[in-house]
Amino acid sequence: MPLRRISGGRELAIDLGTANTLVFLRGSGIVVFEPSVVAIDERTNAVHAVGEEARRMIGRTPATIRAIRPLRHGVIADFEVTAQMLRYFIRRVGGGRLSFSRVVLCVPSGITKVEREAVEEATMAAGARTVVLIEEPLAAAIGAGLPIAEPQGSMIVDIGGGTTEVAVLSLGEVVVWQSIRVGGYELDEAIVRHLDTVERLLVGPETAEAAKIACGSAWELPEHLETQVAGRDRLTGLLRRATITADDARTAIAQPVSAIVDAVMQTLETTPPELAADISTRGIVLAGGGALLRGLDRRLAAETHLAVHIADAPLEAVVTGAGATLEETAFTHPAPRRRSGRRRRRH
Ligand SMILES: Nc1ncnc2c1ncn2[C@@H]1O[C@H](COP(=O)(O)OP(=O)(O)OP(=O)(O)O)[C@@H](O)[C@H]1O
Ligand SMILES: [Mg+2]
């Protein structure tokens, strides 16, 4: 394939997520999978560290260094830092060379024009010659292996760090969707609040996230699980440890988990009947890191009365799907944005 020889290796797909950034290099697969964190030296404004190295610095930096997540709820909160992070990853993939002929960038469905222009600009500034945007639910569905090109309804639920996107797709397009600003971080924050209220213990969000991964669940578990968390006692000011059980964690995160379940229910309610019938046959597919929360599949199955499956590699589904479109130009021509009457705006 001559086209592949010319362009292979110089085309990227990027999932710029609130929690993680993944880069897919055409011909090689996933070459970057790092937390979306940048540590900046405040004296010089220079980038001190990016990705995993920067993540380890969150909450642990001296006054002169700031470790920040430049995205919030799936969109850029700090343009300059996002552009620097993208430049760092793109340069790493390019072996120091900056330019890539084409970059397919995954964006949330509910992104505004201003937000869209900001990510495009940041990607161009990082070395892309052309930027093509793909909606995350579409990319996730392709990555999860759903037959989205068919005249058949498929439902994908992508639960990320800062957003949950629920979408019904058919004939390669998003037909009905809903996006809520609730994701894994809201679960972490709920655990922080719970420990503060119940134990009078102040813990950082990274500690809460570790506790969620160790024993969080959305459904009663058959086994007993618990984990230790360390923080500062609100009353004495001293360092203290506490035990958090799976039951505690489930109570703590009940509210944001219900918000995710409600988003799925509401999307099902607005799905046209033929597509709803397809989904009732084929079930719902979960992607994103939040899909790994224990028992979320069972909880959703119990509430919707539908089969619920977790994508094979939920954290990688979006970038894998976007990467697959690099081979299929039909998906990646910059087409005018399509808005069907059934599509719903972000809440
Ligand atoms: N085993 C697990 N159990 C529960 N949650 C998990 C697990 N592993 C990862 N997560 C959560 O998944 C989230 C990250 O998922 P993901 O990488 O899909 O988000 P993102 O794509 O960066 O965010 P967004 O799509 O909202 O911009 C984090 O909140 C993380 O805590
Ligand atoms: Mg995501």
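Hi everyone, let's begin in the middle: among the 99 residues of the largest nonpolar core, the ones touching the most other members are Ile 156, Ile 191, Leu 286 and Ala 287. By nonpolar core I mean a set of buried Ala, Val, Leu, Ile, Met, Phe, Trp, Tyr and Cys residues joined through C-beta atoms within 7 Å. Buried means that 20 or more other C-beta atoms lie within 10 Å of a residue's own, exposed means 12 or fewer, and partly exposed is in between, with C-beta atoms placed from the backbone. Helix α3, residues 79-93, gives this core its largest share, 6 residues. Helices (H or I, at least four residues) and strands (E, at least two) are DSSP runs numbered from the N terminus.

Two quick notes before we go on. This is a predicted model, where local features need pLDDT of at least 70 and side-chain atom pairs count only at pLDDT 80 or more, while totals for chains, interfaces and linings use all residues. Residues are numbered from 1 along each chain as its sequence is written, and chains are lettered from A and ligands numbered from 1 in the order in which they are written.

What does Ile 191 contact beyond its neighbours within four places in sequence? Its partners are Ala 208, Ala 211, Lys 212, Ala 249, Ala 252 and Ile 253, where contact means C-beta atoms, placed from the backbone, within 7 Å. Ala 208, Ala 211 and Lys 212 are among the buried residues of α7, along with Thr 207, Glu 209 and Cys 215. The buried residues of α7 pack against α6, β15 (226-233), β16 (239-245) and α8 (246-252).

Helix α7 turns up again at the ligand. Around ligand 1 there are 22 residues, with Gly 17, Ala 19, Gly 160, Gly 184 and Gly 289 coming nearest; to be near, a residue's C-beta atom, placed from the backbone, must lie within 6 Å. Two or more residues of this shell come from each of α6 (184-199) and α7 (205-215), and α7 has the largest share, 3 residues. By type, the shell has 6 nonpolar, 14 polar and 2 charged residues. Here Ala, Val, Leu, Ile, Met, Phe, Trp, Tyr, Cys and Pro count as nonpolar, Asp, Glu, Lys and Arg as charged, and the others, Gly among them, as polar.

Most residues other than glycine have a negative phi. His 73, though, has a positive phi of about 50°, and it sits in the loop between β7 (71-72) and β8 (75-76). Is His 73 buried or exposed? His 73 is buried, because 20 other C-beta atoms lie within 10 Å. Arg 200 also has a positive phi, near 55°, in the loop between α6 and β14 (201-202). Arg 200 is partly exposed, because it has 15 other C-beta atoms within 10 Å.

Finally, the overall layout. The chain divides into domain 1 (2-139 + 319-332), domain 2 (144-182 + 255-315) and domain 3 (184-253); these bounds come from an automatic or database domain assignment. The centres of domain 2 and domain 3, over C-alpha atoms, are 27 Å apart. Across that boundary, 15 residues of domain 2 are in contact with 11 residues of domain 3. On the domain 2 side, α9 (254-269) and α11 (296-304) each give two or more residues.

Key. Two residues are in contact if their C-beta atoms, placed from the backbone, lie within 7 Å.
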